[in-house]
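Notebook open, model loaded. I want to look up the aromatic rings and then the overall build.

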Amino acid sequence: MDYIKLLIGATLTSFGLSGFGQSTVTGTVTDQSTSEALPGVTLKIKGTTAGTITDLSGTYTLTADSQDTLIASFVGMVSQEIPVNGRPTIDVAMTEDVQQLGEVVVIAYGSTSKKLLSGAVTQVNSETLKLGANAGLDGALQAKAPGIRITQNSGTPGSAISVQVRGANSISAGTQPLYVIDGVPMTTGDFGQIGYEGQGINALVDINPNDIESISVLKDASAASIYGARAGNGVVLITTKSGKKGKTQFSVDSYTGIQSVRKKLDLLNADEFVSYLNDITPGMGDNLSTGNSTDWQDEIFRDAPISSINLSANGGSEKTRFYLSGGFFDQQGIIIGTDYQRINGRLNLNHQVNDRFRIGIKTGITSSLNNRVPGDQSINGVLPNAISKPPIYAVTDENGNYLEEGFWDNPVAVGKEALNESKVFRNISNINWEYDILPGLVFKNQWGFDYYGLEERRYEPTTTDRGAESDGIALSGRTEVRRLTQLSTLNYEFSLGSDLNISLLAGYSFETEDEGSNFIRAINFPSDQLQYILSASTIEEASSFAQQYGISSIFGRAKFVFKDKYIVTANVRRDGSSNFGQNNQYGYFPGVSAAWRIYDEAFMSGAALLSDLKLRIGYGLAGNDQIGRFRYLNTYSSGFNYGSNPGLVPSRIPNPDLKWESTAQLDAGIDVGFLQDRLTMTFDYYINTTEDLLLQRPIPGSSGFSSVSANVGALKNTGMELSLNGKILDGSFTWNTNLNISRNQNEVTELYNDQPITDIGRGNNAVIVGESIGVFYMLKSLGVDPSTGDLVFDDVNNDNQITDADRQIVGDPNPDFYGGLTNSFAYKSFDLTVFLQFNVGNEIFNGVRQYTENMTFGDNDNQLATINRRWRQPGDRAPVPRINGTYNNDITSHYLEDGSFLRIKNISFGYNLPKSWIKGAKLSSARVYLNLQNIWVWTDYSGYDPEVNYSGIDPVRAGTDFFTFPQPTSMMAGINLKF
């Protein structure tokens with residue numbers, strides 16, 4: 001051990017020469033707050049270049065005159081000057097330089113001071129994430145960070161949420177970011193095989209937000225390119241909580257509350273429906289009238305309970321620290337037949353074996369149950385049937401049996417009788433170890449494992465209309481995804497003199513993913529009590545599936561900080577992915593950024609109002625490999641049998657040149673602080689250009705195929721982000737505010753032969769060069785003709801005919817800007833937080849109106865009460881066309897609406913109980929609170945909720961409402977205890 005210290009001292013001692021009058025000085029440098037030794041601290045004799053650096057145990061040795069002064073300096077610590085005064089031993093305890101360091105931000109494979117950050121990174125802490133009742137971390141992050149657009153597409157408990165970082169960077173590949181939890185890339189997405197359209201299963205909901213310490217979002221390629229082929233849509237780094245040294249502290253966080261539907265549609269009641277039918281054909285309504293009046297919305301909506309309890313313990317000694325937690329979340333849906341339950345546990349353990357060697361383990365286990373009902377794209381769903389079924393029909397007969405009358409299924413029977421359950425078991429774990437090779441030189445190795453098991457089961461009994469037709473219908477599916485990750489890094493941090501600090505990182509990783517699934521559908525069951533496939537007499541469909549994925553990577557980063565004012569960071573990654581053809585299996589993704597802390601320049605000393613000023617610029621390249629597996633290969637499909645002999649047919653032709661979509665990202669930003677950082681501002685401007693978009697390229701039919709997967713398109717995202725934080729009042733009454741606002745402009749710049757892709761989805765979305773992804777392309781309505789009662793449209797080509805040639809771009813589902821505003825107040829023991837969310841400038845195609853305002857299907861469909869303002873006779877100036885109007889059921893801009901909104905997302909009012917009240921219960925703190933969520937929305941949109949998309953996270957089929965489950969309004973009471 002001694003020879004190592006001698007070697008280190010000889011290597012790192014700078015210019016030190018002993019001479020007459022000098023003596024040896026030794027000592028140990030520690031962190032004053034933790035008493036831990038600090039390796040790598042520079043000790044220099046003032047006025048000379050002589051000095052040394054502390055070794056792994058924080059000790060140093062140098063020669064100095066008795067009248068010399070030592071200068072001790074270390075990044076993030078307050079520099080000290082210590083007179084020698086002839087002392088042979090001088091120990092130094094260093095304190096953190098809060099102003100220099102500021103907030104510590106988690107970045108790729110490490111952390112850094114926010115003040116020394118050169119890339120575009122936003123971090124959200126645990127207290128911000130805990131605001132409101134959210135099943136998943138993506139919902140908890142919504143509208144709390146600039147540049148991150150999070151859309152809760154429906155109110156289905158546990159359903160998928162759309163997340164876009166600085167816009168959609170792809171058309172057909174994925175647009176969701178890469179999620180990394182404690183260094184392990186997560187399995188994300190919807191693996192469900194039993195489709196519920198926009199109500200997909202959200203793999204992110206398995207992570208308990210209460211276990212999260214912080215979330216960092218790497219938004220530009222200079223910060224994210226070190227994740228290479230998967231960083232094109234941004235990277236979300238999730239850090240879970242760790243134990244802290246000291247006495248074990250226990251925490252209890254619990255709330256319970258009630259949810260309800262915020263708004264109901266104004267539909268015709270029975271009398272109005274009869275009158276409407278009589279207007280179609282005299283006497284029709286009178287003949288069908290039953291004397292019954294059913295409000296089907298009241299029958300399927302309900303007041304639904306929601307509750308959560310989380311218990312945690314953390315603590316430890318000098319050597320070992322732990323964090324242990326367990327939680328239970330239970331949310332009933334506001335529509336009958338829906339709910340979500342989750343139980344989870346986590347153990348994070350860190351142990352310091354000796355001065356050099358540390359080990360750790362982090363593991364989280366989740367088991368959840370999700371009950372959904374068909375909706376959105378289905379005419380057999382609870383909500384579609386409740387909206388569309390006429391009020392003249394009753395729910396049950398006099399014996400309590402469900403009635404099936406009219407065209408639509410009985411929604412109450414579908415909601416209460418059908419079984420639609422999904423069970424998930426999830427385990428995300430990693431084990432890691434670190435070894436200090438030399439002062440500042442650390443090797444780290446980590447193995448991570450992510451297991452996702454999904455079991456789905458659906459049964460429609462004979463008490464439902466569809467189930468009765470087939471004597472029971474059962475669907476069963478199982479999916480398993482196993483991801484194994486290995487990561488090794490070597491990190492070296494050192495100083496050259498007192499002015500230049502250097503950090504070098506090199507790493508290697510590989511990941512493998514195995515996915516397997518099976519699915520079966522059966523009918524004809526002897527009894528509704530026997531609901532498993534085994535009891536069916538007829539198997540209608542059965543399939544199984546397996547695939548693998550692998551990625552191997554090397555990466556590196558170098559960071560240079562000169563005088564804590566000039567920062568340069570460069571990184572690069574080389575990825576090899578099994579998703580791409582042999583001609584493009586490897587890719588290189590570089591990134592570089594620089595920052596200048598102008599505030600620390602001497603010429604800024606007179607700027608009294610400023611407390612910080614930093615300029616940033618970054619450029620890099622990131623990839624997107626979310627294109628599906630092995631699409632570069634020629635494949636064959638089975639099942640094409642000839643007689644009793646099995647048969648195969650080609651299903652795809654190969655493309656060995658297939659490669660990842662790549663995004664070049666340029667970012668320029670400024671960070672400003674005023675009045676000792678009472679007011680801080682961050683502003684970013686970015687240009688992201690994505691090339692080699694994966695699309696289907698048409699090929700001659702003589703090949704036997706109509707198209708082949710190829711890299712043939714390009715698009716661009718340009719935007720601005722602003723974040724303002726203010727400490728408005730400080731004292732006995734405090735007021736803090738945060739505003740984040742983002743603007744993103746998306747433009748498709750290239751397609752194959754620039755041919756537009758139109759007629760996508762129920763809202764006729766389109767992809768057109770020069771326009772945003774998913775614009776609405778349809779006939780433009782000019783209103784109702786007073787003479788005929790028909791809709792009138794813009795005749796684009798002036799040929800006096802309305803045809804498809806007159807279709808045009810009439811709207812955009814992407815907002816002009818979006819963001820959030822949070823105001824937090826505190827007075828003595830009381831606290832109040834008000835959180836607003838806003839979205840401005842987007843359109844929504846109201847597919848519900850297309851069916852419930854078209855007056856085309858006679859007695860099949862109930863209609864909205866707006867038809868009472870329909871055109872009835874020549875000369876009427878009406879907003880609604882006549883009954884059976886020529887274009888009533890067409891997809892036109894008549895059903896396009898402004899989707900802008902301002903939402904009171906959350907109000908939390910709390911009270912911290914006095915210490916004198918709780919000391920008898922041995923509590924260190926206790927807080928009770930009332931929480932209101934989604935209590936009000938200001939919007940011109942006529943549907944249930946303006947934050948909606950029937951097709952979930954699809955970036956192209958966007959902005960369409962088609963019988964989509966609305967978000968609930970919630971009121972909850974809770975308590976936080978610590979002891």
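This is a predicted model: local features need pLDDT of at least 70, side-chain atom pairs count only at pLDDT 80 or more; totals for chains, interfaces and linings use all residues.

I started with burial: Phe 191 is buried, and Tyr 452 is buried too.

Next I asked how many aromatic pairs the structure holds. The count came out at 32. Phe 191 and Tyr 452 make one of these pairs, with ring centres 5.5 Å apart and planes at 45°, so I logged the pair as tilted. The class follows because planes under 30 degrees apart count as stacked and those over 60 as edge-to-face, with the rest called tilted.

Where do the two partners sit in the chain? Phe 191 is in the loop between β14 (184–185) and β15 (212–218), while Tyr 452 belongs to strand β23 (residues 441–460). They are 261 residues apart, and the pair links distant parts of the chain.

Buried or partly exposed, I wondered about Tyr 508? Tyr 508 is partly exposed, at a relative accessible area of 35%. Phe 510 has 24% relative accessibility and also counts as partly exposed. The cut-off matters for that call, because buried means under 20% and exposed means over 50%.

I also noted a cluster. Phe 357, Trp 433, Tyr 435 and Phe 443 come together as one aromatic cluster.

Charges over rings were next on my list. Arg 629 lies over the face of Tyr 549, 4.1 Å from the ring centre. Arg 903 does likewise over the face of Phe 901, at 5.2 Å from the ring centre.

Last, I zoomed out. The protein has 13 helices and 49 strands. Its C-alpha trace spans about 120 × 75 × 60 Å along the principal axes. I checked the radius of gyration against the globule rule: a compact globule of 979 residues would be near 30 Å, and the protein has 32 Å, so the two agree.

Of the 979 residues, 53% are buried. The accessible surface comes to about 40600 Å², and carbon and sulfur atoms own 55% of that. For contacts, I took those between residues at least 6 apart in sequence, and 69% of them join residues at least 24 apart.

Key. Residues are numbered from 1 along each chain as its sequence is written. Side-chain values use heavy atoms; hydrogens and water are left out. Rings of Phe, Tyr and Trp (its six-membered ring) pair if their centres lie within 6.5 Å; planes under 30 degrees apart count as stacked, over 60 as edge-to-face and the rest as tilted. Helices (H or I, at least four residues) and strands (E, at least two) are DSSP runs, numbered from the N terminus. Buried means under 20% relative accessible area, exposed over 50%, partly exposed in between (1.4 Å probe, protein chains only). A charge sits over a ring if NZ of Lys or CZ of Arg is within 6 Å of the ring centre and within 35 degrees of the ring normal. The radius of gyration is taken over C-alpha atoms; the globule rule is 2.2 Å times the number of residues to the power 0.38. Contact means heavy atoms within 4.5 Å. Accessible areas come from the Shrake-Rupley method with a 1.4 Å probe; for residues, only the protein chains shown count as cover.
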